[in-house]
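Thanks for coming. I will go through one structure this morning, strand by strand and then helix by helix. Please look at the sequence and the structure first.

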Amino acid sequence: MATRSSIAIEEPNGNIYGIYCHWDGDSIGEILKKHYTNADIVRALIDQGDASAIRETIEKSVFYMRDKGESLAQTEPTHEPNFGSFMECYCAEYNYLFIDGEWRTFTEYEALQIKRGEATL
């Protein structure tokens, strides 16, 4: 069974840039923390578009456009003005945000609280 997740980075201007990942949302946090450790590599990951699975390298990861032939229009990364509006697109069971040089994890419930303005980053 799929465990959906979102993977995003907060840009210097505060915008959120991110993608959806279909598989292993509950376990990719450790992969992200160990192998995607700076903003450049995180952006390079997100640049690939929505993912089926995230692995230790971009090359080993599975992306819908690159590896499954889906169109960019269906899989392109999302740019949103803030994390709340990003959650409008991708509120998943696990939500990973690279912010201030580190990964933060939000459950679906925590992300919904941020989206509704009941909590902050």
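Strand 1 and strand 2 form a hairpin, with five residues between the two strands. In the turn of that hairpin, Gly14 has a positive phi of about 95°. Before I go on: this is a predicted model, in which local features need pLDDT of at least 70 and side-chain atom pairs count only at pLDDT 80 or more, while totals for chains, interfaces and linings use all residues. Residues are numbered from 1 along each chain as its sequence is written, and side-chain values use heavy atoms, with hydrogens and water left out. Helices (H or I, at least four residues) and strands (E, at least two) are DSSP runs, numbered from the N terminus.

Strand 2 covers residues 16–21, and its pairing with strand 1 is antiparallel, over six bridges. Two strands count as paired if DSSP finds at least two bridges between them. Ser6 has Tyr20 as its bridge partner in strand 2.

What does strand 1 have on its other pairing, with strand 6? Strand 1, residues 5–10, runs parallel to strand 6, and five bridges join them. Ala8 is bridged to Leu97 in strand 6, and Ser6 stands opposite Asn95 in that strand.

Is strand 1 largely enclosed or largely open? Five of its six residues are buried, so strand 1 is largely enclosed by the rest of the structure. Buried here means under 20% relative accessible area, exposed means over 50%, and partly exposed is in between (1.4 Å probe, protein chains only).

Strand 6, residues 94–99, has five buried residues out of six, so that strand too is largely enclosed by the rest of the structure. Strand 6 also pairs with strand 7, residues 102–107, in the antiparallel sense and over six bridges. Asn95 comes up again here, with Phe106 as its bridge partner in strand 7.

Strand 6 and strand 7 form a hairpin with two residues between them. Asp100 lies in the loop between these strands, and its phi is near 55°, a positive value in a residue other than glycine. Most residues other than glycine have a negative phi. At 76% relative accessibility, Asp100 counts as exposed.

Where is Asp24? Asp24 sits in the loop between strand 2 and helix 1, the latter being residues 28–35. Its phi is near 65°, again positive in a residue other than glycine. Asp24 has 29% relative accessibility and therefore counts as partly exposed.

Ser52 is in strand 3, residues 51–53, and with 6% relative accessibility it counts as buried. Setting aside neighbours within four places in sequence, Ser52 is in contact (heavy atoms within 4.5 Å) with residues including Cys21, His22, Trp23, Val62 and Phe63.

Val62 belongs to strand 4, residues 62–63. With a relative accessible area of 26%, Val62 is partly exposed. Not counting residues up to four places away in sequence, Val62 touches Ala51, Ser52, Ala53, Asp67 and Lys68. The C-alpha atoms of Val62 and Ala111 are separated by 25 Å, the two residues being 49 apart along the chain.

Last, the helices. Helix 5 is mostly covered, with six of its eight residues buried. Those buried residues are Phe83, Gly84, Ser85, Phe86, Met87 and Tyr90. What covers them includes strand 1, strand 2, strand 5 (78–80), strand 6, strand 7 and helix 6.

How do helix 5 and helix 6 pack, and at what angle? Helix 5 is residues 83–90 and helix 6 is residues 108–115; the angle is about 125° and the axes are 8 Å apart. Axes are lines fitted to C-alpha atoms, for helices over the stretch in contact, and angles run from 0 to 180 degrees between N-to-C directions. The two helices are therefore oblique to each other; under 35 degrees would count as roughly parallel, over 145 as roughly antiparallel, 65 to 115 as roughly perpendicular, and the rest as oblique.

On the residue level, Phe83, Gly84, Met87 and Glu88 in helix 5 meet Ala111, Ile114 and Lys115 in helix 6.
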